[in-house]
Amino acid sequence: MNKHKFIQQRRPHWKQFEEFLSNASGKSLAKLPAEELTKFSQLLREVSHDLATIRSRGWGHELTSYLNDLVARGHNLFYSAPPTNVAGLYRYLAVDFPRLFRANLGYFLTACLLFFLPLGISWCVVQNNPSLANRVIPAELITKFDQMYGDQSSLNTDEENTGGEQDAETSEDSNFGSFGDERASMAGFYINHNVGIALKCFALGILLGIGTVYTLLFNGIFLGAVSGYIVSQGNGDRFLSFVISHGSFELTAIAISGGAGLILGNALIHPGQRTRIQSLQVRGLEAVQIAGGAAVMLVVAAFIEAFWSPSDIPSLVKYIVGSGLWLIVFLYLGFAGLQSDTRPLAAKSRIPNKSTETELNGKRRP
Amino acid sequence: MISTATSEATSQTSDPAPQKDHSVRRTVFGLEMQIETPENVVLTYQLAGPAQRYIAYMIDLAIRMAILIGMMMVIPMLGIVLPGTATGILLVMIFLNTWGYYTISEGFFKGQSIGKHFCGLRVIRDGGYPITFWPALLRNLVRSADAIVFYGIGVTVMLLTRRFQRLGDLVAGTVVIQERSLSLPRKPVILDKIQPLDKNEIGSFLPSDEVLSLIDEFIGRRHVLTYDRGHALAAILANNLAERLNYSGDPKKVTQYPMAFLAAVYKTFSFSQEDDKQELASAYRPRNQSAEVNLE
């Protein structure tokens, strides 16, 4: 068998395979009829074999690279993941995300410590000594908070980004349409701002977790100082009733994304039995799914914050509903997907290693 | 005699195989990445370097800017009716443009953002599999860490890793490869005009398959070189081959037209190793083969 006879014999098959590839490039393989799939898998193996033959005989670079690319394309198509769809999204939110969250609970708790502890401390300190607020919060923000939660501001005009909204407050009560419209703009603002912070908080975990820790501490101290300052000015009721509802989703989600960032950082610091890169890849895939869930929670929080929190409803109702939302968040993260016995996650196949690893890491952590 | 010759040929082709394998493995550190498929065959991908990726990035940046400016012009039109909602939508769009452009394009369009598409680049998993949503999201979220100091971190890490991976690629287990266009190499036209060597003028030596395919490739790509350079290079092999073959024909053929001589050698051995009638019937170029049969 020499090169030319080989080419002569195999060429029709290659052409056929090429044709198949160009036909199937747009669609997913799942939609093809069974006999075509069988034919395709047969051809893929044949062409792979041809490639191996040609390479071992040293029959030229061009021919090798042609077949190499042919096989590469086939490989790419044949081993592609099933397409993502709405059912997958539902399953992710209902089962996978809460499960992954619980599997990595330690990171979340650490992130909570890094976030809520500074928040509490700076709240207490600033509330007892409001003059310290100047050190953390820019002066123009302080005057804005005074306006927003102050006596002269009716509760339903709480705005965070524009103090100029004050003018609108007279017309606002009469016209629900304009109310909803303004809220929509705020929803956009919250999504852009908060989800951006959370994603950054997660992504910066790659820098040995330093970026995440910094973001968590900074936001914790800042939010604590703001809260402490507003409460110290005697606007506590207005502020807390505003914050309690969306805080459930928002604060938890920030801590969750921080926890995901810590997973990345810890994967680099304590790779366990793997190399650092391997550990980063394995843990990173879990971490990003957790961070994605946090982003979804923040979008929910943005809508609550924009449409429900500032609405003209007695504080008591807001407290009750807000507590309900905290309960929902707790139940969701704590129990969703517990009884589901469907297929295991792709990332879950490594659970045995991982649980021992987290135990180890838990012991090492001071 | 022919049977011994073929057995010799097979022994020759089987011998250099491990050597070849070895040399392939040694050249890996270049711009290529190798993976082994479940079919037990090694695939080679050509990696994309920082410069190419920079160009793709600039194209993407321009497109993102254009999208942003376009939205800023279009959405305020809606703002005439509902100014607040328009602002909200604009902000969400800005968010998606910042955080979602790459994830959506790479996650749902087979690893190609628009800039990568123009530059012929593609993101794949490092196992050669196509990229899916989660790795796409991961590599593009970590982009914000890579982007510190004008992508200083990303480029530094890229230059330190063997596969030009930035941090996002390392975490998500992805690589950016260059796509090549599929084209089966054509048979050089020159071979049609060349007569094979006369069997009486050469000895019993059989060039190995590798030498033959080397000649094949050399002739196929001879346009890359100038006439003089091409012939100078061909002369090296032609002289050696003529010596080995005990070529007793016109020595001018070797010295003056070494390329034509190589082509003649190629034609002689590539088309007449087996003279089995059946195989001749289904040979690559029946016309030439029949001419050879006449010669023999």
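Me: What makes two residues count as being in contact in this predicted model?
Reply: Two residues are in contact if their C-beta atoms, placed from the backbone, lie within 7 Å. The structure is a predicted model.

Me: Against which elements do the buried residues of α3(B) pack?
Reply: They pack against α5 (114–119), β3 (121–125) and β4 (174–178) of chain B.

Me: Which residues of α3(B) are called buried, and why?
Reply: The buried residues are Arg53(B), Ala56(B) and Asp60(B).

Me: What span is expected for helix α3 of chain B, and what does the helix reach?
Reply: Helix α3 (residues 50–79) has 30 residues, and 44 Å is expected at 1.5 Å a residue. From first C-alpha to last the helix reaches 42 Å, which is close to that expectation.

Me: How many residues of chain B are in contact with chain A?
Reply: There are 57 such residues in chain B, and they are in contact with 62 residues of chain A. The largest share of this side of chain B, twelve residues, comes from α4(B).

Me: How do the residues on that side of chain B divide into nonpolar, polar and charged?
Reply: The division is 33 nonpolar, 16 polar and eight charged.

Me: How many helices and strands does chain A have?
Reply: Chain A has 13 helices and zero strands. Of its 366 residues, 43% count as buried.

Definitions and conventions. Residues numbered from 1 in each chain as written. Chains lettered and ligands numbered in written order. Predicted model: local features only at pLDDT ≥ 70, side-chain atom pairs only at ≥ 80, totals over all residues. Helix = DSSP H or I, 4+ residues; strand = E, 2+ residues; numbered from the N terminus. Nonpolar A, V, L, I, M, F, W, Y, C, P; charged D, E, K, R; others polar. Expected span 1.5 Å × (residues − 1). Buried ≥ 20, exposed ≤ 12 C-beta atoms within 10 Å, placed from the backbone.
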